[in-house]
Amino acid sequence: MTGRLARWRARVTEVDPHVVDGLLAAGSAAVSLWSVYYDGTAWAWWVYLLALGTALPLPWRRRAPVTVLALSGGVSVVISVLAHSAMPQLPLYAVIALYTVADRARDRERWTVLAVTVVANVVGTRSPNGALFSLLTSVGAFVFGCLVRELRRLAAVEAERAREAGRRAASDAARAVAEERARIAREMHDILAHAVSLMVIQAEAGPVVVRADPERAIKAFDTIADSGRDAMVQLRRVLGVLKAEGAGPELAPQPRLAELPALAERVRRTGVRVELEVDDRTGALPAAVEAAGYRIVQEALTNTVKHAEATRIEVRVVREGAELAVLVSDNGRGVRLRPDRVASDFSGGRGLVGIRERAAACGGRAEAGPGPNGRGFLVSARLPLGDGVDGVDGVDGVDGRGPVDRVGTGGRAGG
């Protein structure tokens, strides 16, 4: 039943308005002529012409509702004075014209017309019953027009809301796509930049030591193979989200802080001493925080290997209160700043931007720039752990409650 009603409404709304107005004018004219013909008086031809004239302006009712009402009403007044008995009991032209004024005219015009109509019905009707019937007819038509006007306004408001909701949905979808693309770009950059950097350094060192130290050359090629395999595994995980819709992505777990020793060991094979300090009493950390911490350390190590010409890197990942503190520093050549700039002005390249984005995604913050006194390079991040994270509230050196796990080669700095 609902489907039939919807189809019927669709067919009605598709009808040309000019056709509708023409049919209304024809029906109104027929009612007026019928009233003159069956009045019982042999009226002259001009009475029929006046009866027809009451309906002639109706096809223009949408364009000039007040003018149409004035023309039809003027002709009706002439008939009422000269041939009152020929007036139709229900003046259909007046009902249509009043409805149109209430629906389409300006507010000031609408209420002026209503006032004039009420006065005219009371003064111009010869009996109380006739006046009451005229008032009910004219005011009823006006009220119905007001209702249709309000319904049209509400429909326009709902349509605008729907369009606004559609625009918001499209904007949200575009923003979600942009965020997902940025996330995938960060993952791809971190994976490829790290793996390729290690592979290039080992590949360059291989021919140099292949004759003098064959065993070291073999280790270099093993490192290349390991880096390539690790990159392929991680790329397969990231690219899983790009499969066709409906196909479940084969996602491996996100990297965790427990994998940092293996990451440090791969960097050590390039000849750079890595001193890793990881708090072993942090408890269960949020996966997003662990993944962000791992990627931040990975990107910092990659930048050091590629650009810093450093011989030593210190990595410290510890819990400090309700935050995970990540600190990566090296003894490389650092970054030169203009005299009018300070270390906090340093912005860095795409990798450092990715570090800041990862920290911000966890509600944290990250900074990168020259180390103390302009020596080396320093990357630091603080990642909130959120509520409900198990574990201790501090680490050795922060609140003095217990040791930390230290992993490195060649001992601590200077060892």
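Helix 10 (residues 287-308) comprises 22 residues and reaches 30 Å from its first C-alpha to its last. That is close to the 32 Å expected at 1.5 Å a residue, the expected span being 1.5 Å times one less than the number of residues. Helices (H or I, at least four residues) and strands (E, at least two) are DSSP runs, numbered from the N terminus. The model is predicted: local features need pLDDT of at least 70, side-chain atom pairs count only at pLDDT 80 or more, and totals for chains, interfaces and linings use all residues. Residues are numbered from 1 along each chain as its sequence is written, and side-chain values use heavy atoms, with hydrogens and water left out.

Helix 10 is mostly covered, with 18 of its 22 residues buried (under 20% relative accessible area, 1.4 Å probe, protein chains only). Just after the helix, Glu 309 takes a positive phi of about 55°.

The largest nonpolar core has 35 residues. Such a core is a set of buried Ala, Val, Leu, Ile, Met, Phe, Trp, Tyr and Cys residues joined through side-chain atoms within 4.5 Å. Leu 260, Val 297, Val 315, Leu 324 and Val 379 have the most contacts inside it. Helix 10 gives the largest share of this core, eight residues.

Beyond its neighbours within four places in sequence, Leu 324 is in contact (heavy atoms within 4.5 Å) with residues including Leu 257, Val 289 and Arg 319. Arg 319 lies in strand 2 (residues 312-320). Arg 319 is buried, with a relative accessible area of 5%. A polar atom of the Arg 319 side chain lies 2.7 Å from the backbone oxygen of Gly 321.

Methods. Buried means under 20% relative accessible area, exposed over 50%, partly exposed in between (1.4 Å probe, protein chains only). A polar contact is a pair of N or O atoms within 3.5 Å; within protein, one must be able to donate a hydrogen and the other to accept it, and residues adjacent in sequence count only if both atoms are side-chain atoms.
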